[in-house]
Amino acid sequence: MKKILAIAAVSIASMGLFPASVQAQDLEGFKEISVQKDFAGNAFTFFTKAPILASGDKQSCNAMTIGWGSLGNYLGYQRPTVSVYVAPGRYTYEFMERYPRFTVMEFDDPRIAKYMGSHSGRNVDKAKALNLHIAYTSHGTPYFKEAKSVIECEVMTAFHQTEKDFRSDSPKKFYKNFAAGVHTVYIGEVIGAWRKDQSC
């Protein structure tokens with residue numbers, strides 16, 4: 001019996017994107033997608049489009065523009081991941097350290113990324129300023145209803161880089177005068193992904 005259940009669990013997980021234990025639920029106005037089957041973007045240019053990172057819960061959350069990251073997998077092919085980089089000087093860093101999950105979102109309007117990247121949540125309600133509406137996944141992770149795609153991740157591990165970790169001159173030169181500090185790398189397992197349902 002245990003063998004049958006194990007085979008069933010593996011089969012369910014392999015059909016889609018999510019581990020059998022964390023099946024995602026639909027978001028209003030979005031369609032669930034599998035990042036391993038339905039994601040058509042270029043992993044090498046995805047972050048050049050300045051997606052938005054959000055972390056927190058229903059009581060408190062923050063979002064910021066990110067320009068660095070990577071898409072791939074970690075600890076096995078069936079564990080798709082999104083890695084993001086957040087400097088300790090950023091307000092969002094406090095949320096990434098405190099909460100277990102985050103979302104990465106794409107928007108069509110470039111003004112959103114520009115504003116999110118030039119204002120701090122410490123000083124202004126960025127969602128209100130941009131007329132964005134916060135919603136939450138079934139896990140309580142924040143996202144914006146106006147996004148065209150949402151990827152929800154659960155942090156698997158985080159690497160708090162230091163200058164001792166640098167192996168080439170590139171990071172040494174970059175961080176020499178970077179006031180926000182050396183970025184922490186967060187590797188998040190994808191537990192949900194949705195694209196805007198154009199029929200809505």
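**Notebook: cores, strands and a pocket**

I began with Leu-53 and, leaving aside neighbours within four places in sequence, found it in contact (heavy atoms within 4.5 Å) with Asn-62, Ala-63, Met-64, Ile-66, Val-84, Val-86, Thr-92, Met-96, Phe-102, Thr-103 and Val-104.

I noted that this is a predicted model, where local features need pLDDT of at least 70, side-chain atom pairs count only at pLDDT 80 or more, and totals for chains, interfaces and linings use all residues. Residues are numbered from 1 along each chain as its sequence is written, and side-chain values use heavy atoms, with hydrogens and water left out.

**Cores.** I looked up the largest nonpolar core and found 19 residues in it. A nonpolar core is a set of buried Ala, Val, Leu, Ile, Met, Phe, Trp, Tyr and Cys residues joined through side-chain atoms within 4.5 Å; buried means under 20% relative accessible area, exposed over 50%, and partly exposed in between, with a 1.4 Å probe and protein chains only. Leu-53, Val-82, Val-84 and Val-104 have the most contacts inside this core. Two or more residues each come from β5 (80–86), α2, β6 (101–106), β9 (149–160) and β10 (184–196). Such helices (H or I, at least four residues) and strands (E, at least two) are DSSP runs, numbered from the N terminus. Another core lies apart from this one, with 18 residues, among them Ala-127, Leu-132, Ala-135 and Trp-194.

**Strands.** I then checked pairing, which requires that DSSP finds at least two bridges between two strands. β6 and β9 run antiparallel, joined by 6 bridges; Glu-106 has Ser-149 in β9 as its bridge partner. β9 also pairs with β10 in the antiparallel sense, over 11 bridges, and there Val-155 is partnered by Gly-188 in β10.

**Ile-112.** Is Ile-112 buried or exposed? I count Ile-112 as buried because its relative accessibility is 8%. Ile-112 sits in helix α3. Not counting residues up to four places away in sequence, Ile-112 touches Ile-52, Thr-65, Phe-107, Leu-130 and Leu-132. Thr-65 is 47 residues from Ile-112 in sequence, yet their C-alpha atoms are 8.5 Å apart in space.

**Pocket.** Last, I asked which residues lie nearest the centre of the largest pocket. They are Met-64, Thr-65, Arg-90, Met-116 and Gly-117, out of 22 lining residues. β3 (61–65), α2 (91–98) and α3 (110–118) each give two or more residues to the lining, and β3 gives the largest share, 4 residues.

Definitions and conventions
1 Å grid on protein atoms, 1.4 Å probe; cavity = no way out; pocket = protein on both sides within 12 Å on 5 of 7 lines; lining within 4 Å.
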